[in-house]
Structures are given as C-alpha cells and as structure tokens.
Amino acid sequence: MTMTNSIEELSTDDTAETITTTIGTTPMTETSITAMTETSIKEFSTDEIDNSFSLMTTTEETTTRTLSNIDTRTTTMIPPNLLENPGGELGTLAGWTQTGSSSVILDSGGVLNSGYNPHSGSYCFAGGRGPGTPSKLTQNVKLLGGVQGFTEIQLASRLLRAYVSFYYQTWDTFFMPHDDVEVSLTFRSSFSAVLSTVSSRALACKSSNPGWCTYTNAFPLPVGTRSIDYTMMFIRRGTIIGNNIDSYIDDNSLRVF
Ligand SMILES: [Ca+2]
Ligand SMILES: [Ca+2]
C-alpha cells in the first residue's frame, strides 16, 4: 500500500505538509483524502509516525461505516391497497357501484350455494341471481391527489405499475358449465376519458370446489392516467338452465408503485 511506503520514508524532520502531499497521491475518494488530511495535520507530530499510521486506519474504517449507513437508510415501502371495502367486510357494498345487467350480492357464506364461504372475514362478493349477465361492481380510484399523493410528473414517468390481486371460487356441478369471474382495470385521463383497459380474462377455479384460487398481475400505468376503474365482473355461462351467477370474489387488492 502506498501509504506504508510514505510513512517509512518520513524522517523526523518531515512536516505535516509533506505528509499531506504524499497521502494525496493515493487513489482514494475525495471524502477520504479530506478526512485523512485534516486528521493528519491536526494530530501528527514528528515523533508519532506509528500513531499517524493508526490514525489513517481509523479514518478508513470511518468511511466504511458511513457507506454502510447509506445502505441501511434504503427502507422497504409497502404501498397501500387503494380499494375501499375490498373484501366486503363493511357488511354492505359501500364503495362499489352496480354496473351490470344483474346485481352482485354480498355473501356471508352459503347464501348462493351451500358450503361456499368467504375466503377471509365474514363476507365475499358473489355473482347473484341473474339471469342477466354479467353482474358487475366498479370502484373509481383517484391517483392524482389520492392517498399516495401522486403528482402529474410521477404519473407521466412510465415507471408506475398497477398491481392487482384477488381470490375467486366457482360453484361446481356436473350438469352445468362453470360461471366465471373477471377483473378489469380501466385507466382514465383527467377528463375521465378511457386511455386503455386491461383484464384478468375470464377465470373459473376448478382445482377444488368449494375452494379458492388466486390471481395476481401487474400492468404498466399509461402516461396521463389520473384514476383507475377497478371492476369485478361475474359471468353466467350456459343460457338454458341455471339463472344464478355462481362465481365469487374476495380480498381485492389494487396497489400502485
Ligand atoms: Ca371478505
Ligand atoms: Ca350458474
């Protein structure tokens, strides 16, 4: 190491100024050089070559600790679920607007079909009585000036994504086709114009009945998005028998980051 040589070459006649110059030629960061120079000038005397070396070592350790502190300050942010009443736990459809051909119902367990219960809590959403299809619930979530305080610049950054997740189950009977669920996001501009719509596509949970499946996905936020319509859709399949729309959703989540 260059510094070791510098110290060996020093004589008792060397001044602090000479030492400073020698240290300055070593390939170190500006911060390190400044810190070492100041320490050396202040602490070094011509009788303390060994002490000087230990001071340099101490200064290097200080620099390392500073870098570690910078790393530590990188904390993990957990963005909030932007949906109100996402799992029906208010006991009403508060926060949601009926927008379909039939009415979505709140199911506290076994209302539409025996044995088909909420995924969590005391309620879930169910397709309802039909026969009009689909039944839908929609909630508009504001991003500009919303709970996360997004600015227009952030919403134009092309860096944000909408993360969607929910649980769904499907009533199963040998004689009839499964009904489906579908969740869509409609991205809206400041004048509420539709920028684009994305969706989970129609889903039926066939792995266990009753039993819940889960869906997760992330969609890039179009530039200019100011709000998002989150829509649950319940789709009746088979038009001859079975008026009920026997599909369920619980624990909706919409996060933007
Ligand atoms: Ca629930
Ligand atoms: Ca049905």
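## The main core

The largest nonpolar core here takes in 40 residues, and the ones with the most contacts inside it are Phe125, Tyr168, Ile228 and Ile249. Seen by element, two or more residues each come from β2 (105–107), β3 (124–128), β4 (135–142), β5 (161–170), β6 (180–188), β9 (227–235) and β10 (245–256). The top contributor is β9, which puts in 6 residues. As a bit of background, nonpolar side chains in soluble globular proteins tend to be buried together.

Take phenylalanine 125 as a way in. Setting aside neighbours within four places in sequence, Phe125 is in contact with Gly88, Val104, Leu106, Leu137, Met232, Tyr248, Ile249 and Asp250.

## The chain overall

Keep in mind that this is a predicted model. The protein chain has 5 helices and 10 strands. Of its 257 residues, 30% are buried. Among contacts in the chain with a separation of 6 or more, 73% are between residues 24 or more positions apart.

## An open sheet

Now for the strands. Five of them make an open sheet, ordered β1-β4-β9-β6-β7, with antiparallel pairing. At the edges sit β1 (97–98) and β7 (194–199), each pairing on one side only.

Inside that order, β6 and β9 run antiparallel and are joined by 9 bridges. To pick out one bridge, glutamate 182 has methionine 233 of β9 as its partner. Strands of a sheet pair, in general, through backbone hydrogen bonds.

## Two cis prolines

Most peptide bonds are trans, but a couple of spots here are worth a look. From glycine 130 to proline 131 the peptide bond is cis, with omega near -5°; Pro131 lies in the loop between β3 and β4.

Asparagine 209 and proline 210 are also joined by a cis peptide bond, omega being about -5°. You'll find Pro210 in the loop between β7 and β8 (213–220).

Most residues other than glycine have a negative phi. Serine 192 has a positive one, near 65°, and sits in the loop between β6 and β7. Is Ser192 buried or exposed? Ser192 counts as exposed because it has 11 C-beta neighbours inside 10 Å, and the cut-off for exposed is 12 or fewer.

Aspartate 251 has a positive phi too, near 55°, but this residue lies in strand β10. With 21 C-beta neighbours inside 10 Å, Asp251 counts as buried, since a residue needs 20 or more for that.

Notes: Residues are numbered from 1 along each chain as its sequence is written. Chains are lettered from A and ligands numbered from 1 in the order in which they are written. This is a predicted model: local features need pLDDT of at least 70, side-chain atom pairs count only at pLDDT 80 or more; totals for chains, interfaces and linings use all residues. Helices (H or I, at least four residues) and strands (E, at least two) are DSSP runs, numbered from the N terminus. Two residues are in contact if their C-beta atoms, placed from the backbone, lie within 7 Å. A nonpolar core is a set of buried Ala, Val, Leu, Ile, Met, Phe, Trp, Tyr and Cys residues joined through C-beta atoms within 7 Å. Two strands pair if DSSP finds at least two bridges between them.
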